[in-house]
Amino acid sequence: MKTTNCIIALGVMLMAVMDSAVAHHSFAMFDRDREELLSGTVVRWAFNSPHIALYMETEDGTLYSFEGAAPPSLLSRSPSMNGFTFQPGQAVQVVYCPLHDGRPGGAVGYIIDAEGVFYRPNDGGCGPSAEWEQWVGMGYTSRAQAEAAQ
Amino acid sequence: MSRTVSTSLLACAGILASALLQAQPPARVPLPEAVQPLQRFATSTEHYDYLYNYHKGGTPHTYESIPKWEGLWSADGNNSGNQLFLESTDGGPIGPFGEGENVVIKKGVLTPEYEAAFQYRRDLGVDYDRLTSCEPAGMPRWLLEPYVREFVNTPVQSWWNNDLGNDMRRIYINQEHKNIDGTHYAAGDSVGFWVDDMLIVHTVDIFPGDYFRGTPPTSNQFETVEVWRMETLNNGTQRLVDNVTFYDPLSLVEPITVVYTFRPRPDLEDMGFRMRYWECAQNDNTYLTFDEDGRPSTQYRLPGEPGYVDPRGVDRLRNPDLPPDLVGQEKSPIFSEAVQ
């Protein structure tokens, strides 16, 4: 079953990645080797070209900015996303690849809602690990932490 | 973890890695062979004129008879991009932007000056894309960009939209090239003629661009002859096929003929997608910068930083002459708080 799930998950990821590896700019500013998990509330979800943006405030009041793929590709992901998928004040978790320079932002990998649904609005700026579905439940907050523990 | 699961994970990871390294998703059906020109032509004009004369000026269409390529489309498979210009010395994969171990420039495809320019670009890395500055993709990149297209054909003009960057191609049917501006254009100047359901297009005066990010540049002598047709596949679905020959005496040793395909996207239509004006300047917070070694790179502005543009709220850069607290200026009333 695990293998089947893996294949399905990677299949979904594959389709998303094939649509998302390209973008209108390079991803040089994002550290694609790092994946971090943050919790917060949505300040704004901007579903617009050339890239969607999610602004999220963390508990300490820091405003994080995340960039993802272009709207047409989000529509065809599973689950599909549109301009009303995330609402201000909504509690979410975000897996992201941070900016190299340490400012509060990065390329979004997953957005996870309160029901535990994994949304994948990413483009090539962040190709998050499929294992996050397990890692979140295990309390890990970074890929490095999860990999070190395994 | 069992050996079976480990093997499967490795296999999955391999498939994913392989997909990541493709410049475009593979065509869902086999890519049609590129049809080479019937003879060697010295210029694109000679090629187009030959086809025009061969088909005796083509088929006049009315609004009723004009081929309809309606609905939304997106780019599908192609045999263009970096696969024309790069090869792997060990048979390994070539990445979307030409990256990969032991990937080198093919000899004899580009002219020496453009091969050197391509090497220069590759040595700098691919950390910048001219589209970051809100340039349209233009030709030939218009053909490869992954996003959404609309193809509107009339008896006198075809209007083909790429939603990336408000990048419209206009093809003037049975008309002469015109350039009263004395310049080049991202999409160039296109004329064409129909032969029944096939459209032959000649494009000149193209502003120098790229096949894609990380490919060689084109020169301002780059021109194309395209043969477009819609075909119905065995599974009953349709696709648009563009058989295109690139001419560029400054960058290409010989003309190159390739094929691009496009697939219908009724799924996007069903989900309510409509092509909108691409508000790059008002939405885009990426910008050109240079790293510590002076190489072009890309950076990302955050709220509150100079030059940041607010994609939903009340942007002072858009309303500098209005009171900052004027009610009703947000793009969407459900997102009423500006990010500052």
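Q: What makes a residue buried or exposed in this predicted model?
A: A residue is called buried when its relative accessible area is under 20%, exposed when that area is over 50%, and partly exposed in between, using a 1.4 Å probe and counting protein chains only. This is a predicted model in which local features need pLDDT of at least 70 and side-chain atom pairs count only at pLDDT 80 or more, whereas totals for chains, interfaces and linings use all residues. Residues are numbered from 1 along each chain as its sequence is written, chains are lettered from A and ligands numbered from 1 in the order in which they are written, and side-chain values use heavy atoms, with hydrogens and water left out.

Q: Why is strand β2 of chain A called mostly covered?
A: Strands are DSSP runs of E with at least two residues, helices are runs of H or I with at least four, and both are numbered from the N terminus. Strand β2(A) covers residues 53-57, and four of its five residues are buried.

Q: What makes β3(A) a partner of β2(A)?
A: Strand β3(A), residues 63-67, pairs with β2(A) in the antiparallel sense over five bridges, and L54(A) stands opposite F66(A) in β3(A). These two strands also form a hairpin, with five residues between them, and G61(A) in the turn has a positive phi of about 90 degrees.

Q: Why is the link of C97(A) and C126(A) called a disulfide?
A: A disulfide is a pair of cysteine sulfur atoms within 2.5 Å. The sulfur atoms of C97(A) and C126(A) are 2.1 Å apart, so the pair meets that cut-off. The structure holds one disulfide over all chains, and this link is right-handed, with 65 degrees about the S-S bond. C97(A) lies in strand β4 (residues 91-98) and C126(A) in the loop between β6 (118-119) and α3 (132-137) of chain A, so the link ties together parts that are 29 residues apart in sequence.

Q: How do you know that C97(A) and C126(A) are buried?
A: C97(A) has a relative accessibility of 0% and counts as buried, and C126(A) is likewise buried, with a relative accessible area of 0%.

Q: What makes E67(A) a residue with no salt bridge?
A: A salt bridge is a side-chain nitrogen of Lys or Arg within 4 Å of a carboxyl oxygen of Asp or Glu; Lys and Arg count as positive and Asp and Glu as negative, while His and the chain ends are not counted. E67(A), which lies in strand β3 of chain A, is buried, and the nearest side chain of opposite charge, R213(B), is 9.6 Å away. Contact means heavy atoms within 4.5 Å, and residues that E67(A) touches, not counting those up to four places away in sequence, include H25(A), D123(A), T286(B) and Y300(B).

Q: Why does P303(B) count as buried?
A: P303(B) lies in the segment after β13 (296-300) of chain B, and at 16% relative accessibility P303(B) counts as buried.

Note on methods
Two strands pair if DSSP finds at least two bridges between them.
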